[in-house]
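Take a walk through this structure with the model open beside the text.

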Amino acid sequence: MTKATKILYVGNNLSKYGNTPGTVETLGVLFEKENIEVIYAGHSLNKIKRLFEMCFSVIKNRNKIKYVLIDTYSTSAFWFAFSVGMISRILHIKYIPILHGGNLPERLKNSKYCSDLLFKNSFENVAVSGYLNYHFQKNGYKSIIIPNNIEIENYQFKKRNKISPNILWVRSFHADYNPNLAIDVLEIVAKKYPDAKLCMVGPDKDGSMEVFKNYAEKKSLMGNIKITGRLSKKDWHQLSEQYDIFINTTNYDNTPVSVLEAMALGLPVVTTSVGGIPFLLDHGKDALLVDKNNKEQMAQAIITLLENQDLANSLTENALNKVSDFDWEVVKHKWINLLS
């Protein structure tokens with residue numbers, strides 16, 4: 001792609017405030033490596049200021065850009081995407097919502113009129129999972145799949161020859177991600193494996209970290225738990241070498257990058273089967289899937305891995321094969337074809 005292609009990428013660019021880097025921060029850098037000029041909008045921590053910044057950036061750069069890319073979620077951030085999309089439409093700029101929110105199918109039902117305006121007038125709707133692609137097409141919206149990606153070369157796969165009860169969780173502390181389920185699971189596993197350990201990696205987004213700590217104290221499990229807060233990718237990848245099982249406890253999800261990363265690092269994955277997860281993973285083949293908020297199922301899945309090394313090896317080998325399809329060197333061609 002030539003340098004002539006310039007885009008405005010709108011999303012939550014808030015890592016400098018301690019938040020987990022948004023897709024705009026990671027995907028935008030990869031675009032730049034492919035000679036796509038990127039202007040970023042979404043740096044303000046205050047939501048009103050951030051919305052104004054996003055909308056004004058479209059107006060300010062209207063004569064410079066070919067496309068507006070919009071990270072699109074299902075909660076209040078949906079209205080950010082809607083506002084940016086409508087301004088782009090008025091100014092006759094091609095805009096592309098990038099569909100992330102695991103609960104977007106509900107948004108399509110609850111805000112049908114605005115969804116029609118946003119998604120039926122876009123240049124394209126990019127679903128990062130087969131799950132969202134299915135629901136968008138089912139509801140009459142055009143969409144294509146360009147999945148979340150990682151750079152495989154940056155991940156060191158570790159073959160774990162002996163699975164230990166050392167459990168890793170990587171996500172922002174937020175009610176939707178159900179961090180307290182990890183405590184309930186640890187409690188059950190620790191009855192059989194008293195040396196079980198749980199490490200929680202991620203920043204606090206809604207006060208859930210304090211709730212988590214209080215809940216763990218109540219169950220007298222803080223001695224088995226390590227809470228790191230937010231870590232850089234490099235730091236948590238290094239930390240992951242001390243752990244042998246990755247859990248994902250979320251109530252809503254799409255194609256979580258942390259799960260892709262765990263697969264690339266050789267961690268067997270145990271995850272709730274919600275949203276886009278069953279579109280991403282095959283139970284018993286490359287991960288173990290359990291029902292939402294089911295502590296007994298998740299704990300038993302972990303115990304199964306601890307008692308069946310062959311299964312753990314099979315899951316991680318198959319997971320590595322699958323995650324190779326999410327490598328940027330594969331995914332980038334879909335973006336280049338769309339934006340060229």
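**Helices, cavities and a pocket**

Helix 2 and helix 3 are roughly parallel to each other, because their axes cross at roughly 20° and angles under 35 degrees count as roughly parallel. Keep in mind that this is a predicted model. Helix 2 covers residues 47-60, and its axis comes within 9 Å of the axis of helix 3. The crossing of the two is right-handed.

Which residues of helix 2 and helix 3 meet? From helix 2 come Lys47, Arg50, Leu51, Met54, Cys55, Val58 and Ile59. From helix 3 come Phe80, Ser83, Val84, Ile87 and Ser88. Sorted by class, this contact has 8 nonpolar, 2 polar and 2 charged residues.

The largest cavity holds about 60 Å³ of space. Its lining is made of Val10, Gly11, Asn12, Met54, Ile70, Asp71, Tyr73, Ala77, Phe80 and Ala81. Two of these names have come up already: Met54 and Phe80 line the largest cavity, and they also take part in the contact of helix 2 with helix 3.

Which element gives the most to the lining of the largest cavity? Helix 3 does, with 3 residues. Strand 3 (67-72) and helix 3 (77-90) each supply at least two residues of this lining. By class, the lining has 7 nonpolar, 2 polar and 1 charged residues.

Two packed helices are described by the angle between their axes and the distance between the axes. Helix 7 spans residues 180-192 and helix 12 spans residues 295-307. Their axes come within 9 Å and cross at roughly 45°. Helix 7 and helix 12 are therefore oblique to each other. Their crossing is right-handed.

On the helix 7 side, the contact uses Leu181, Asp184, Val185, Ile188, Val189 and Lys192. On the helix 12 side, it uses Lys295, Glu296, Met298, Ala299, Ile302, Ile303, Leu306 and Glu307. These residues divide into 9 nonpolar, no polar and 5 charged.

The next pair is helix 10 and helix 13. Helix 10 runs over residues 257-265, and helix 13 over residues 309-323. The axes come within 8 Å and cross at roughly 120°. Helix 10 and helix 13 are therefore oblique to each other. This crossing is left-handed. Leu260, Met263 and Ala264 of helix 10 make the contact with Ala319, Leu320, Lys322 and Val323 of helix 13. By class, there are 6 nonpolar, no polar and 1 charged residues in this contact.

The second largest cavity comes next. How much space lies in it? About 50 Å³. Its lining includes Phe157, Lys158, Lys159, Arg160 and Ile163. Also in the lining are Gly266, Pro268, Ala312, Asn313, Thr316 and Glu317. The classes here are 4 nonpolar, 3 polar and 4 charged.

Go on to Asp325. Where does it sit? Asp325 lies in the loop between helix 13 and helix 14. Leaving aside neighbours within four places in sequence, Asp325 is in contact with Val330 and Val331. Asn149 is 176 residues away from Asp325 in sequence. In space, the two are 8.5 Å apart, C-alpha to C-alpha.

End at an open space, the second largest pocket. Its volume is about 260 Å³. The lining has 15 residues, and the closest to the pocket centre are Ile145, Pro147, Phe279, Leu280 and Phe326. Helix 11 (277-280) and helix 14 (328-339) each supply at least two residues of the lining. The largest share, 3 residues, comes from helix 14. By class, the lining divides into 8 nonpolar, 4 polar and 3 charged residues.

Methods
Residues numbered from 1 in each chain as written. Predicted model: local features only at pLDDT ≥ 70, side-chain atom pairs only at ≥ 80, totals over all residues. Heavy atoms only, no water. 1 Å grid on protein atoms, 1.4 Å probe; cavity = no way out; pocket = protein on both sides within 12 Å on 5 of 7 lines; lining within 4 Å. Points joined across faces, edges and corners; volume = space filled by probe spheres on them. Helix = DSSP H or I, 4+ residues; strand = E, 2+ residues; numbered from the N terminus. Nonpolar A, V, L, I, M, F, W, Y, C, P; charged D, E, K, R; others polar. Axes fitted to C-alpha atoms, helices over the stretch in contact; angles between N-to-C directions. Parallel < 35°, antiparallel > 145°, perpendicular 65-115°, else oblique. Left-handed = near helix turned anticlockwise from the far one by under 90°. Contact = heavy atoms within 4.5 Å.
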